[in-house]
Amino acid sequence: MIDAAALRTEFPILHQQVHGKPLVYLDNAATTQKPRAVIAAVVDYYERINSNVHRGVHTLSQRATDAFEATRGKLQRLVNAAHEHEIIYTTGTTGSINLVAHGFRSLLGPGDEILVSQLEHHSNLVPWQMLAQHTGATLRYIPILPDGSLDLDEAQRLLNPRTKLLAFNHISNALGTVNPVKQLTEWGHAVGACVVVDGAQGLPHRPVDVQELGVDFYAGSAHKMYGPTGIGMLYGRTEWLEKLPPYQGGGEMISTVTMAQSTYAGLPFKFEAGTPNIEAVVGWGAALDWMNAIGMDALMAHEADLMAYGTERLRAIDGLVLFGTAPEKSAVLSFGFEDLHPYDLGTLLDQQGIAVRTGQHCAQPIMDYYRIPGTVRASFAAYSSREDVDRLGDGVERALRMLR
Amino acid sequence: MSTLEILKAREAEVVEEFEFFDEWMDRYEHLIAQGKTLPAASESIKTDDNLIRGCQSKVWITAEKREGLVYFTADSDAIITRGLVALLLRVCNGLAPEVLAQADFGFLQEIGLTEHLSPTRANGLQSMMKQIRLYGVAFQAVN
């Protein structure tokens, strides 16, 4: 079991006051805080290593390249990819999905269908809308059920031989629903669709084995798993990565360049044009080590405890409506009150030093489904504690006394 | 009293009210109380034309001119925002268009509201103030 109080000592940012109250940080689904080990790795990179990767024969460049590629290896092991070249560095989950969506521009046409779930973050929705617009393909949606899980019967009905792409998230950022990735992937493959999974919330909260799940693409972001912002990954199965054309042109992604034409580098460099965010990759490596040292089992047990405790605490509050009550949920408590705007609650929580997210959580179709302007979302990380939940519960009750 | 003097007197009154509270939670409580006293506007004003952009919560505002003075009707779907709306209306209602067109709403800064609000809410407040000034300008033009 995780000792949250001990872990917190590793996070300098958590030890501060906001509006004169000790900070309670419950916006971890938006971004997690960074442990000293990660901050130190980034500083160390600039103090000792900084150089461009894959270029120079000089020692610093070698060191930078080694550190840069070491993280790729850690990510390969994290998701159990068959090959290291199947891990592409991107700017984040959004960048990863855009890479795939852009690549499919030459592979789709009118009559083809893209099936996306209604549970998606805009980052796994807008790129597909753009792809549909560009190619003339049709976008269809897997609807959600009142508990915030996907309507799997409808998913099966919607999948057909015209479905060329199936995209959904591992875990919903807005509601915390954990989706049956393996099941959906099997159904997708049965009709010949390419399966793309948004793992932004999946990677920090669940073990991921892309070979066992069978997915074709799996995207994630470092900053949601204790690492730096501006860096992410795309796992892609070799055959798909070879089929997709390069996303952006530039240095690093080419093999030969003449005035007439260029030939592209092999995987993964074909998709990594330009100087990458090396410091962030190095910091991510430290974050992965940090998570590994705790272990996913301990992280999940800690999270389950907070979810049970938090759900009970919030349910005790008069009139509170919990959005997302699927049997399998992860690290997110999304809630509201029929007569109150989430923004009012969020403001009064902030005044008490409690950081939550309010609004649509970049998932407007979900809010439309529930016919609400948004929710208040508390989301947990390794350093979250029962005391945080208590402060949240008390804070909500105080806000209610003021607002009603 | 000219309507400019009325505006200044009202602003001073609001500042005095807020300065009474040391704690920001109490100031918010006062703001919420203001929001609760604002009469609910009829649904007919809640149109896209009257909607102010730039708020996470929705704000609708409309105005009419009677006997040379401007009267506002406004509402919001969030209570704290309603409080801000109520404050603005309390200060601005029944003033001459040329006074509104020039209003700088300095009292909000004096209270510390503009800097204490979250950026999105502060943007919304800026949009509301701008809209009130625009109504002032527009009503100056239609004598």
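Predicted model: local features only at pLDDT ≥ 70, side-chain atom pairs only at ≥ 80, totals over all residues.
**View 1. The interface of chain B and chain A.** On chain B, 17 residues are in contact with 15 residues of chain A. Together the two chains bury about 1500 Å². Carbon and sulfur atoms carry 55% of that area.

**View 2. Polar pairing between chain B and chain A.** The rule finds 5 residue pairs in polar contact across this interface, with both residues at pLDDT 80 or more. Salt bridges between chain B and chain A number 0.

**View 3. The side of chain B that touches chain A.** Three helices of chain B each supply at least two residues here: H2 (24-37), H3 (79-92) and H7 (119-141). H2(B) gives the most, with 6 residues. By class, this side of chain B has 7 nonpolar, 6 polar and 4 charged residues.

**View 4. The two domains of chain A.** Domain 1 of chain A is made up of 4-35 and 295-399. Domain 2 of chain A covers 39-292. Taken over C-alpha atoms, the domain centres lie 27 Å apart.

**View 5. The interface of domain 1 and domain 2 in chain A.** Here 41 residues of domain 1 are in contact with 35 residues of domain 2. The two domains bury about 3100 Å² between them. Of this area, 55% is on carbon and sulfur atoms. Three residues stand out on the domain 1 side: Met296(A), Ile366(A) and Tyr369(A). They supply 17% of the area that domain 1 buries against domain 2, more than any other three residues.

View 6. Domain 1 and domain 2 of chain A are joined by 2 salt bridges. In a salt bridge shown here, the side chain of Arg206(A) meets that of Glu303(A), at 3.2 Å from N to O.

**View 7. The side of domain 1 that touches domain 2 in chain A.** Helix H12 (296-315), strand S14 (332-337) and helix H14 (364-370) of chain A each supply at least two residues to this side. H14(A) gives the most, with 6 residues. By class, this side of domain 1 has 25 nonpolar, 10 polar and 6 charged residues.

Definitions and conventions:
Residues numbered from 1 in each chain as written. Chains lettered and ligands numbered in written order. Heavy atoms only, no water. Contact = heavy atoms within 4.5 Å. Buried area = accessible area lost by both parts, 1.4 Å probe. Salt bridge = Lys/Arg side-chain N within 4 Å of Asp/Glu carboxyl O. Polar contact = N/O pair within 3.5 Å; in protein donor to acceptor, adjacent residues only side chain to side chain. Helix = DSSP H or I, 4+ residues; strand = E, 2+ residues; numbered from the N terminus. Nonpolar A, V, L, I, M, F, W, Y, C, P; charged D, E, K, R; others polar. Domains from an automatic or database assignment.
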